[in-house]
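Dear colleague,

I am handing over the structure below, and I would be grateful if you could look through it alongside the notes that follow.

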Amino acid sequence: MIERRKFLIGAGTAVTTSVILSDSLLNKAAAQSTAGYQAFLKQTYQQAVQQGFNASIMKQALDWSVPNAKVIQLDRKQPEFTMTWAQYYQKVISPTKISQGKSSYRSLQNVLSKIWSQYQVDPRIVLGIWGIESAYGKHTGKFNVIDSLATLAFEGRRAKFFKSELMKALKILDNRDIAPAQMLGSYAGAMGQPQFMPSAYLQYAVDFSGTGQRNIWTNVPDVLASIANYLAKCGWKASEPWGQEVTIQGNLSQTQIGRKNVKTLGQWQALGVRRKNGSNFSNSSIQGAVIRPDGEGGQAFMVYHNFNVIRRYNPSDYYALAVGLLGDAVG
């Protein structure tokens, strides 16, 4: 009896000790992670200063940065994209979004006309991207971009990529286009109303308003011109549409279609492809490809060169279709 009592006391002590040790190990791990993060920030600061970035601005951007657990959680738990095209369309293009897009298109005619004149990019497509990316500037993300990128660079799945984007974000701050506290975006570092990554910002953002800063966060002309510049530099052809919905008369298998199966409209007509209303295409020599995102029985589209330019913004057929259709609806 005495021996059993000793055993129970020993077991209870072991459990308590285990809990204490477990908490101790967790605290130690957290302390090590924090120390490692601070060392990472110090190294980043030194690299930035060595590249000639303003030391005071770098200190301001990095000194108070802390690893953001929510960023890691979102990065590791990205949902599987299993929606059909019909489901995706219903999710991203609502009657409200179309109505707001029409209103924006009317009220911004002067700016859009100037953007068209300079970049020769369809302003309706610019509005389509703006609407899909941030609901015309309403949803731009509330994460501090430096915190997000530093967190992902320190312990994310693609550390090299995010470290490169972090250094580019610091370059933007060094250019004084925006203050560190105002540099907000998504958990993955996509910034402002057009949701540019820092690398895209440096390559495509423009100061259309002439303020001396490329402001994609609050300056709508800069936002829209930056989107247009992106598409222009990716090869937008002013004389061509992005695409159109079509009907398929007869049998056309999925193996015969897809973005890479390019034919003239005359050749597609011979295979039973027609405009949505069933009529022939007006110019049979133009080249395009047929896509049918939900397979046989679903919607079909003839897409042209500019469809692939939109995909340079986001490499998804669903995305490019949504941008094109929203643009058509608002303009």
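**What was found**

Among contacts in the protein chain between residues at least 6 apart in sequence, 71% join residues at least 24 apart. Please keep in mind throughout that this is a predicted model.

As to the overall make-up, the protein chain has 14 helices and seven strands, and 42% of its 331 residues count as buried. The chain exposes about 17,200 Å², of which carbon and sulfur atoms supply 52%.

Turning to the strands, five of them form an open sheet in the order β4-β6-β7-β3-β5, with antiparallel pairing. Its edge strands are β4 (263-264) and β5 (273-275), each of which pairs on one side only. Strand β3, which covers residues 243-248, runs antiparallel to β5 and is joined to it by three bridges; within this pairing, Val246 has Arg275 of β5 as its bridge partner.

The crossing in which α4 passes α14 is right-handed. On the α4 side the residues that meet the other helix are Trp85, Tyr88, Tyr89 and Val92, while α14 contributes Tyr318, Tyr319, Leu321, Ala322 and Leu325.

Two backbone positions also deserve a mention, given that most residues other than glycine have a negative phi. Gln120, in the loop between α6 (109-119) and α7 (123-134), has a positive phi near 55 degrees although the residue is not glycine. Ala135, which lies in the loop between α7 and β1 (143-144), likewise has a positive phi, near 55 degrees, in a residue other than glycine.

Are these two residues, Gln120 and Ala135, buried or partly exposed? Gln120 has a relative accessibility of 35% and so counts as partly exposed, whereas Ala135, with a relative accessible area of 13%, is buried, because the cut-off for buried is under 20%.

With kind regards

Methods. Residues numbered from 1 in each chain as written. Predicted model: local features only at pLDDT ≥ 70, side-chain atom pairs only at ≥ 80, totals over all residues. Heavy atoms only, no water. Helix = DSSP H or I, 4+ residues; strand = E, 2+ residues; numbered from the N terminus. Buried < 20%, exposed > 50% of the residue type's maximum accessible area, 1.4 Å probe, protein only. Contact = heavy atoms within 4.5 Å. Areas by Shrake-Rupley, 256 points an atom, 1.4 Å probe, with all protein chains shown as cover. Pairing = 2+ DSSP bridges. Left-handed = near helix turned anticlockwise from the far one by under 90°.
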